[in-house]
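Here's a quick briefing for anyone opening this structure for the first time. Have a look at it, then read on.

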Amino acid sequence: MKTRAITGFFFVVALVCATIFNEYVFSIFFGIVGVLAAKEFFTICKTEETKPLEGLGLVTSIVLATIAIAYFLGYIELKYFGLAIPLFSLLFISSLYLKRAKPFHDIAYTLLGIWYGTIPFLFFIGLGFINGDFNPYIPMGFLIILWSNDTGAYLSGRALGRTKLFERISPNKTWEGFIGGVLLAMGVAFGLSYWFGTLTKLEWVMISAIIGIFGTLGDLVESMLKRSLGIKDSGSILPGHGGFLDRFDGLLIAAPLVYILLTLF
């Protein structure tokens with residue numbers, strides 16, 4: 001418990017500092033986390049029957065992250081994302097030479113690792129540049145709302161939890177905890193509309209609803225992944241907390257949806 005608390009403290013401090021320091025630290029930090037999350041996915045999915053193309057997958061993730069960072073920082077145009085397309089083609093072509101029994105299983109897990117591990121963090125980086133110039137308050141607000149949702153769900157679940165939310169996947173989650181988490185997230189978001197500004201009260205509350213609902217579903221999806229692989233944690237890089245996929249499970253589903261919402265507005 002002590003190890004978990006210490007790790008959690010320094011983890012939060014690192015995220016806050018990386019988010020508010022400047023646009024370069026923010027972009028590079030979360031770009032690296034996205035690549036490491038993909039690597040983690042490749043590692044846990046590796047079996048005798050299925051072996052993701054880890055080398056090419058990581059190169060593709062790095063190129064995507066580099067292009068995205070350069071785009072958000074204003075160094076290149078959107079069209080340069082096309083440079084990543086040959087790498088995706090190479091994933092298929094290279095499998096011709098590997099003589100694997102089920103090559104499309106390897107390809108599928110590689111593509112999924114990039115999509116599930118890296119791309120959500122690129123959307124999260126995009127939240128910092130949603131209005132063009134770098135603004136740390138939106139991604140910082142996203143993280144605060146996400147943590148508030150987790151805290152509200154835990155406290156409500158402990159105090160009031162009776163009705164199982166998704167017992168097959170996560171026996172400890174309850175509807176009462178889910179509702180409590182969403183309500184606390186909305187309350188915190190309303191406060192952020194005064195402290196952080198940037199967005200309207202309605203936008204902050206809509207963001208909190210997305211994070212509360214889809215952040216919880218993201219947690220369940222990651223639990224489903226671990227159950228299907230027969231593992232407890234996705235990694236061990238964060239003592240007492242598991243891996244990057246464990247700690248950012250809510251972000252993986254919610255961040256792209258929040259980005260889409262704000263770009264539509």
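**Starting with a helix**

In α6, the buried residues are Ile138, Pro139, Met140, Gly141, Phe142, Leu143, Ile145, Leu146, Ser148, Asn149, Gly152 and Ser156; buried here means under 20% relative accessible area, exposed means over 50%, and partly exposed is in between (1.4 Å probe, protein chains only). Keep in mind that this is a predicted model, where local features need pLDDT of at least 70, side-chain atom pairs count only at pLDDT 80 or more, and totals for chains, interfaces and linings use all residues. Residues are numbered from 1 along each chain as its sequence is written, and side-chain values use heavy atoms, with hydrogens and water left out.

**Helix α6 and its end**

- Helix α6 covers residues 137-160, 24 residues in total, and its first and last C-alpha are 33 Å apart, close to the 34 Å expected at 1.5 Å a residue (that is, 1.5 Å times one less than the number of residues).
- Helices are DSSP runs of H or I with at least four residues, strands are runs of E with at least two, and both are numbered from the N terminus.
- Leu160 also belongs to α6, and it counts as exposed because its relative accessible area is 55%.
- Between Leu160 and Glu176 there are 6.2 Å in space, C-alpha to C-alpha, though they sit 16 residues apart in sequence.

- Strands β1 (residues 164-166) and β2 (residues 170-174) pair in the antiparallel sense over 2 bridges; pairing takes at least two DSSP bridges between the strands.
- A hairpin of 3 residues takes β1 into β2, and Lys164 stands opposite Thr174 in β2.

**The second largest pocket**

- This pocket holds about 200 Å³ of space, a volume filled by probe spheres set on grid points that are joined across faces, edges and corners.
- A pocket is an open set of points on a 1 Å grid over the protein atoms alone, where a 1.4 Å probe fits, with protein on both sides within 12 Å along at least five of seven lines; lining residues have an atom within 4 Å of a point.
- Its lining includes Leu64, Phe72, Phe123 and Tyr259.
- α3 gives the most to that lining, with 4 residues.
- By class, the lining has 10 nonpolar, no polar and no charged residues; Ala, Val, Leu, Ile, Met, Phe, Trp, Tyr, Cys and Pro count as nonpolar, Asp, Glu, Lys and Arg as charged, and the others, Gly among them, as polar.
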